[in-house]
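Subject: Structure for you to look at

Hello,

Please find the structure below. My notes on it follow.

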Amino acid sequence: MTAPLMVSACAAPHGADMSASPVLPWPRAMPCRTSDAGAPRVFVTTLGDVRTPLAEGVFDPADDRVRLSDGTIIEHYYRDKLGVAHYAPIDKSHFPLPPCGWCSWYFYYQQITPEEVKLNAEWMGRHLREYGARVCQLDDGWQGAGRGMGENRDWTTLDRRFSAGLDDLTRYIRAQGLTPGIWLAPHGQSNPDVVTRSGAFLLDEQGATISDTWEGKYLVDPTRPRSHRYLHDLFRGLCEAGFDYFKIDGQPIVVDEYRKHASRMDTPSSDPVAAYRGTLETIRRAIGPDRFLLGCWGTPTQGAGFFNGCRIGGDIVQGLEGLKVGVEAILRFNYLHNVVWYADPDVLSVRTPVSADTARAWATALGLTGQALLTSDRLPDLPDSRVEILRRVCPPTDIRPLDLFETRTFKTIWDLKVAHLGRQYDVVGCFNFDRARAESVHVRWADLGLKPDAAYHVYDFWERAYLGCWEAGYFAWVPPAGCVVLTLVEAAPDGAGQAADAPPISLLSTDRHITQGWIDLLELRYDAATLSYHGRSKLIGGAPYTLTFGLPRQRPTYRIASARAGGAEVRIENHQGWATATLRAGRSGEVDWRVTFEPAELYSFRVATPSGLSAEMLGIDAMRLSWSRTYDGEAGYAVYLDGVPLGVTPINAATVRDLPVEGTHEIAVRSVWWDGTQSESAAMMKIEDLYPTQAFLSDLEPRSAKQEWGPLGIDRSVSGRPLKIGDRVYRKGLGTHAESNLEYALGGRFTRFTAVAGVDANSGGTTARMRFEVWADDRKLWESGDRTAADGPLPVDVDISGARVLRLRVDRSDDGKDYDHADWAEARIARD
């Protein structure tokens, strides 16, 4: 008799809090990679004590040291390599996990009222609190007169809508079991009477303001002793009004202004950053260690050590463009998250007109990174389907980056590696940032550090659909502006029975949360003698809770024979290759459950051979394959390159990338059934010498794309609008933002680069000045000189013969970075 394997969560919280989840000890050594050279298409995060061959080494946060697998040691990695001058590991003793809740700004803006805050707080307390939403944050609109841009920065005066006082509002929020939060830009002020009374601000000899910015018409002088009394009293007053969460905005403006005006301070400062940090120290003393401090606007790393969390990107908008703002921030600055502070990529918006696919993609981006998660919709108006999206990513979990570097390209494969209760599995987000066309995203096991020859169960989390058990990889078909989330669990070898080292039956998923067990699954063991899984889970009263199991795809296989759970109803469903047990309890609490299996028969179908295989080239080394569907049924189609399996696609199409571009090669496609058997014959085609005679760069995937702001625009400007230089609009091209560096691998096969370069006419700025350059490998071949929007389009025609890497650079002049939107219109390569 085989002894049962029993594993319990390390330090897993128990009790009434249904949203509590394990938090690993900190600071602790963590696996890392310092570049994505081994798997450049994949963005990787970890949850739990993960081990992966993708890791290049280990990072010790306490000593700021990376030790690579080859023995190389990189000292002061965050301080020197990543530029976090004031690096210190995040203090998790007071806030072990990132915040989760609601923010008023992106629905109400400055039209917020106390009644609407209370409405959302009451709804959140009833419908999202048990799922982990706890912060109710009042944003801009509660204070002073005026409507922004520095004129409503009087924190000593309440808007007439809040005449009942802030303490009345915070008491109501607390009564719902929530934490009151508030927004302000504390270094700024707009009321001259406050400025005169306080004696705390930057003024010239005549008493006029020295700094007039978005932060406020007046700016706190950090070298005046009275400024620290002013800041202390401001925050103590807000604490006494009942706030425990503070979002302080405009912080990079403050740092920049202090640098600009250091010589004009009351005590001229040789270290304006230290002076700025002194203001944060005063704020922290005023609010104490038990209140959350969120820095805001850009990524002000000068606040490291004082901020519990920090906004890492710009303001979002509705729809795909807003999603891309958040995604760009996550990819670029995830290395800071849960290491330096809790990163906040701005809110999750799921209300219409955001499509359901985009809402899921947005939620996935936050759920797979564990970053701060606040929504900003009018919560009572959300339909049940959108509320369900929120519930399945709330709250954030203890996820950390594997990738300790900036990612400047829009990666479409996000891999969260999870180790929990003896389970090792991957939750993989496959993204499509094209608003018009569905895309095939090829997930290769080897790229994820998985065994390419092993079979993995593939489960669609959002659709609750089992997709099969396959070797090599899977081609996920992703809707426009959407996402598919695949859960990958290694299967026992075909034919393995009860005596196998690994259980022949796998727990694939629990549906409470996108991490699929981390929050809700407290205990798990498999008893080979009785063919049963035993576990303990946290159930939310009235909500269904589904356990999904993957079954052997070949004989012997199994089905659920019975399931029981103390105090909960249970429903069983058996399918080909998978089975589910759904539990529902009348009230929230922990439930012990047992699911027992019995032998079952398999249905097998002899699949037919596909036909009509054709290909469409996509740039240099990618190809979109399609073929005719067979009349008979199939589970999917297995795709091969030169006899090597690439993976299975569920439809009669697949996009294959990184193809060998020289020589003759063979593509083959076979139909496949759920048990892994394939058609006797294959649809086949030969491919050779794939290099096209010419190609637009916007149809190619860059080897690297780094720019100061925003995602690289593909046939659009960096702001998402049509490419326009002067009076002409261009259909094809690249939209970027200075400073930028775009790299394309050409293999030395192209001879000419042509384009039309210029400052984008839709940028909104008229003074932006920048320079365009074309490089081949390490040689500069062409430069434009300074250009402005008034200069219009500039033709580019450069001989790039022999270039293995084409680099397009845009450098800004010394006029700042605002509105530096640059276009490479009609950018293309050609060969003789």
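In which sense do β21 and strand β22 pair, and over how many bridges? The two pair in the antiparallel sense, over six bridges; strands pair if DSSP finds at least two bridges between them. This is a predicted model, in which local features need pLDDT of at least 70 and side-chain atom pairs count only at pLDDT 80 or more, while totals for chains, interfaces and linings use all residues. Residues are numbered from 1 along each chain as its sequence is written, and side-chain values use heavy atoms, with hydrogens and water left out.

Helices (H or I, at least four residues) and strands (E, at least two) are DSSP runs, numbered from the N terminus.

β21 (residues 455-460) also runs antiparallel to β24 (residues 482-490), joined by five bridges. Y459 stands opposite Y466 in β22 and opposite T487 in β24. In the hairpin of β21 and β22, R464 takes a positive phi near 55°. Six of the six residues of β21 are buried (under 20% relative accessible area, with exposed over 50% and partly exposed in between; 1.4 Å probe, protein chains only). A455, H457 and Y459 lie on one side, Y456, V458 and D460 on the other.

Elsewhere, eight strands form an open parallel sheet in the order β15-β14-β13-β12-β9-β8-β7-β16. β15 and β16 are at the edges with a single partner strand each, so one side of each has no neighbour in the sheet.

In helix α11 (residues 384-391), R386, V387, I389 and L390 are buried. The buried residues of α11 pack against α3, α10 and β16 (contact means heavy atoms within 4.5 Å).

Regards
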